[in-house]
Amino acid sequence: MCDDIFLLSKSKQILLEIYRDLENTDKFSVGYIIDYNDNEVLLALIDPTGNYDGYCVYRSEDIFKVSKDTKYINMFNIIDGRIDKSNIKILNNNLIYTLLQYAKRNKYIVSIEIENSGYMDTIGYVTNVDNNISQIQNINEYGEPDGIDFISISSISCINCDSIGNQFRDKLYKYHKL
């Protein structure tokens, strides 16, 4: 959709607003493009206070609008909270697979939306992943294990990794393990 602006964001670490919810067109994510291909976009996100808010992958086809140089973004440019992206190695040109492997290796909690449901259908630790299926140990909102999901990677429309909400859930989980 926006190869030129994605390349610019990736090479110069320019913040973008990414819109993908046609039901709520005021809702968007803010972040830097880490990588992209014809099918997916990998972003390093920042939260509304300018802090790191994890990584996410969106399907390119779900993005209907991209903005740059807005007053909202310029507010964050003052802070200059650039994110180190050197620790993510792109695997097989598949950004969802890459983020799943990254989360598994670093023991980060992921949130996964399936087929544009509008919800994070699965939240937990990636325990296994291959080219087709990801296995997730669900962690409920209280930080407790709550079953295992097997998810087709091709059905994932959005995946967040190491977001602030997921970091909190990880802390609760570790507290319960004490």
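Reader: What caps the N-terminal end of helix 3?
Author: N94 does, with a side-chain oxygen 3.2 Å from the backbone nitrogen of I96. A polar contact here is a pair of N or O atoms within 3.5 Å; within protein, one must be able to donate a hydrogen and the other to accept it, and residues adjacent in sequence count only if both atoms are side-chain atoms. Helices (H or I, at least four residues) and strands (E, at least two) are DSSP runs, numbered from the N terminus.

Reader: What kind of model is it?
Author: A predicted one: local features need pLDDT of at least 70, side-chain atom pairs count only at pLDDT 80 or more, and totals for chains, interfaces and linings use all residues. Residues are numbered from 1 along each chain as its sequence is written, and side-chain values use heavy atoms, with hydrogens and water left out.

Reader: Back to helix 3: how many of its residues are buried?
Author: Nine of 12, where buried means under 20% relative accessible area (1.4 Å probe, protein chains only). Among them are L95, Y97 and Q101.

Reader: And just after the helix?
Author: K107 takes a positive phi of about 60° there.

Reader: Which residues have the most contacts inside the largest nonpolar core?
Author: L42, Y55, L99, L100, V110, I112 and I159, out of 23 residues in that core. Helix 3 gives the most to this core, seven residues. A nonpolar core is a set of buried Ala, Val, Leu, Ile, Met, Phe, Trp, Tyr and Cys residues joined through side-chain atoms within 4.5 Å.

Methods: Buried means under 20% relative accessible area, exposed over 50%, partly exposed in between (1.4 Å probe, protein chains only).
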